Amino acid sequence: MSQPAAPVARPAVLSLSINSKSALFAAYMPFVKNGGLFIPTNKPYNLGDEVFMLLQLMDDPAKLPVKGKIVWLTPENAQAGRIQGVGVQFAEDESGQQVRAKIEQILGAHVGSGRPTHTL
């Protein structure tokens with residue numbers, strides 16, 4: 001008798017709209033390989049979980065699809081009053097590269113500045 005196939009887990013879909021340069025700066029993680037974003041959420045995730053993001057930046061009505069994986073967890077009641085959420089590393093594919101380039105174009109000279117963010 002054959003065993004039924006295990007269901008294939010589909011990646012979680014995160015929809016995120018960032019409307020200001022300061023919010024984008026606070027969420028962007030340039031220190032992560034391929035870039036990434038911090039996403040406030042109280043949903044439980046584990047490191048390494050695959051996710052799919054629909055990202056809307058600034059006044060652009062287009063939602064940018066990008067794959068990623070969880071590389072950072074900020075738990076509920078974290079030290080220093082940090083916001084609960086997850087850090088998502090962009091995939092190394094074309095969509096990940098396009099989103100990273102668009103974010104860095106918007107932020108310009110702010111990338112790498114010493115201002116505090118949601119992660120560091």
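Modeller: Two strands count as paired when DSSP finds at least two bridges between them. The strands themselves (E, at least two residues) and the helices (H or I, at least four) are DSSP runs, numbered from the N terminus. The model is predicted, so local features need a pLDDT of at least 70 and side-chain atom pairs count only at pLDDT 80 or more, while totals for chains, interfaces and linings use all residues. Residue numbers start from 1 along each chain as its sequence is written, and side-chain values use heavy atoms, with hydrogens and water left out.

With those terms set, the sheet is open and has 5 strands in the order β1-β3-β4-β5-β2, with mixed pairing. The edges are β1 (12–18) and β2 (36–40); each has a single partner strand, so one side of each is left without a neighbour in the sheet. From one strand to the next the twist averages 40°, where axes are lines fitted to C-alpha atoms (for helices over the stretch in contact) and angles run from 0 to 180 degrees between N-to-C directions.

Now the individual pairings. β1 and β3 (residues 50–57) run parallel and are joined by 7 bridges; within this pairing, S15 has L54 of β3 as its bridge partner. β3 and β4 are antiparallel, over 6 bridges, and here L55 stands opposite L64 in β4. The hairpin of β3 and β4 has 6 residues between the strands, and M58 there takes a positive phi near 55°. β4 and β5 are likewise joined by 6 bridges and run antiparallel, with G87 of β5 as the bridge partner of W72.

For contacts the limit is heavy atoms within 4.5 Å. The bridge count between β1 and β3 is 7, and on the sheet as a whole packs helix α2 (residues 94–107), which touches β2, β3, β4 (64–74) and β5 (85–90) and whose direction makes about 80° with that of β4.

In soluble globular proteins, nonpolar side chains tend to be buried together. A nonpolar core here is a set of buried Ala, Val, Leu, Ile, Met, Phe, Trp, Tyr and Cys residues joined through side-chain atoms within 4.5 Å. Buried means under 20% relative accessible area, exposed means over 50%, and partly exposed is in between (1.4 Å probe, protein chains only). The largest core has 23 residues, of which I18, L24, L37, L55, V88, F90 and I103 touch the most other members. Two or more residues of this core come from each of β1, α1 (21–27), β2, β3, β4, β5 and α2. Leaving aside neighbours within four places in sequence, L55 is in contact with L16, I18, L37, A62, K63, L64, V99 and I103.

Charged pairs come next. A salt bridge needs a side-chain nitrogen of Lys or Arg within 4 Å of a carboxyl oxygen of Asp or Glu, and by this rule there are 4. One of them joins D60 and K102 at 3.4 Å, N to O. D60 lies in the loop between β3 and β4 and K102 in helix α2, so this pair ties together parts 42 residues apart in sequence. D60 is partly exposed at 26% relative accessibility, and K102 is also partly exposed, at 26%. Another joins E92 and K33 at 3.9 Å, N to O. E92 is in the loop between β5 and α2 and K33 in the loop between α1 and β2, 59 residues apart. E92 is exposed at 54%, as is K33 at 55%. Within helix α2, E104 and R100 are 4 residues apart, about one turn, and their closest N and O atoms are 3.2 Å apart.

Last, the rings. Rings of Phe, Tyr and Trp (its six-membered ring) pair if their centres lie within 6.5 Å; planes under 30 degrees apart count as stacked, over 60 as edge-to-face, and the rest as tilted. The whole structure holds 1 aromatic pair. F31 and W72 form it, tilted, with 6.2 Å centre to centre and 55° between the planes. F31 is in the loop between α1 and β2 and W72 in strand β4, 41 residues apart.
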